[in-house]
Amino acid sequence: MEMKGGLGDAFRVTGKHLSLALLALVLTTLLLLDWDRNPFLYTHVPTHPQSDTLLPPPACFHHDPNNSTACMELAETKTEGQKSQSLQKEERKEPEANVDDSETEITDGDSENGTTSVERKVCNYAKGRWVADSRPPSYPVQCKYIQRNWACRLTNRTDFSYEGYRWQSIDCKMPEFEPSHFLERMKHKVVAFIGDSLSREQFQSMMCMLTGGQESSDVEDVAEKYGFLQFLRNRAIHHHGWAYRFRTTNTTILHSWSARLCDRQPVNASDPDTLYAMHLDRQPAFIRENINQLNVLVLNTAHHWSKQMVNMDKEVMYVNGTPVQDRNLKNIENAKIFKVNNIVKWLDSKLALNPNLQVFIRTTSPRHFFKGDWNSGGSCDNTVPMTRGSEVLQEETIDKVVADAVKGTRVKLLDITALSDLRDEAHISHYGKKANDCLHWCLPGVPDTWNELLSAQL
């Protein structure tokens, strides 16, 4: 009896085990069959397209042995910033080429009280890298608006690899510069560049970019309207400014000379050899008289702040209508800081009353005189691009004077210093003239990028 009872219990237990085993086998089979269809059974790891590969510079295609190291380094460069951009492109639709992506929303949720705050982060277009670009410049060197000695293809220079690069922002997509789109945005507006010869270069670059370097009946010379023409006794015309109006959109692009952004007046108007009062606390006459007619104002001042340049211009620094007596302010660097802060504060007060005005101060354009200065044998003979790197990764500008001045104001920073500093090969150098020019840039060239950044920030 004991054996029969034990054997029956054993069969019953075994039967249960077999039933459970068969059930598990059936379920496993069903799960395997459904493996590829059921999203709850596996984790999908998306594959992302590879980010834009950096092409080697144009010189690499000519098998120049002197450029081989630089070419290999540039072609193989792939930074974490590029990988991050690829991931972002996969996750969101890319904006149109001419759409300003300068602001992004950052959402911060508070789980304790259920609130959500949205912060707007302004894109820092000055943070990025130079990348090779096989496209030709947006305008030819024969553009009528270029000062001839700045058109390097019209000199005896034979290497033009400096033309084969474009600036690529790291933080966000920089909209492509499109002339008709820019003019449409600036419809019935006046865009004014005020400053020194580098301001004039940026102005000339903008005019060439907008016209493609071509003559057009749509462009009207309106320099006389702004009082920029001085008619000399020998019937020659002296320009102290340029202005052109695009008839179709009624857009005016102009440049007014003011190397130190000060009001300048003769101390004794009746004396042909008079000195000139450089009023640190007064703004240039053109800005004062036209501020209510301007819509975009781009200022710069930097390289004319030296005792030698002030003396060459026969100028004496004034404050409160009298010559500067303060020993601290007589220091030329301190005088520059005073002037920059003074004009920013004045413009900020004007912006409060004029919502249609945008003001930018462009940071210093770097000089690249090596082994001396402009008057002591300095030169910039390098023609190989990016020998000192191709990226700008810092958040803050190098130009602390301008950055400190605009902080807390409505005046915007057009930061071009660090990105331009990497382009020592793109200056006019000694080509076409005896003296070395390591201050001004070849056109087409680096100033085109300044205008691309300006357009993106407008």
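What is the accessible surface of the protein, and what percentage of it belongs to carbon and sulfur atoms? The accessible surface comes to about 25,400 Å², and 53% of it belongs to carbon and sulfur atoms. Accessible areas come from the Shrake-Rupley method with a 1.4 Å probe, and for residues only the protein chains shown count as cover.

This is a predicted model, in which local features need pLDDT of at least 70, side-chain atom pairs count only at pLDDT 80 or more, and totals for chains, interfaces and linings use all residues. Residues are numbered from 1 along each chain as its sequence is written, and side-chain values use heavy atoms, with hydrogens and water left out.

**View 1. The protein has twelve helices and 20 strands.** Helices (H or I, at least four residues) and strands (E, at least two) are DSSP runs, numbered from the N terminus. Of the 458 residues, 44% are buried (under 20% relative accessible area, 1.4 Å probe, protein chains only). Among contacts (heavy atoms within 4.5 Å) with a separation of 6 or more, 73% are between residues 24 or more positions apart.

**View 2. Strand β5 covers residues 190–195.** Six of its six residues are buried. Val190, Ala192 and Ile194 point one way from β5, while Val191, Phe193 and Gly195 point the other way. In a regular strand the side chains alternate between the two faces of the sheet.

**View 3. β5 pairs with β10 and with β13.** Two strands pair if DSSP finds at least two bridges between them. β10 (residues 251–257) runs parallel to β5 over six bridges, and Leu254 is the bridge partner of Ala192. β13 (residues 296–299) is also parallel to β5, with four bridges; here Ala192 stands opposite Leu297.

Terms used: Buried means under 20% relative accessible area, exposed over 50%, partly exposed in between (1.4 Å probe, protein chains only).
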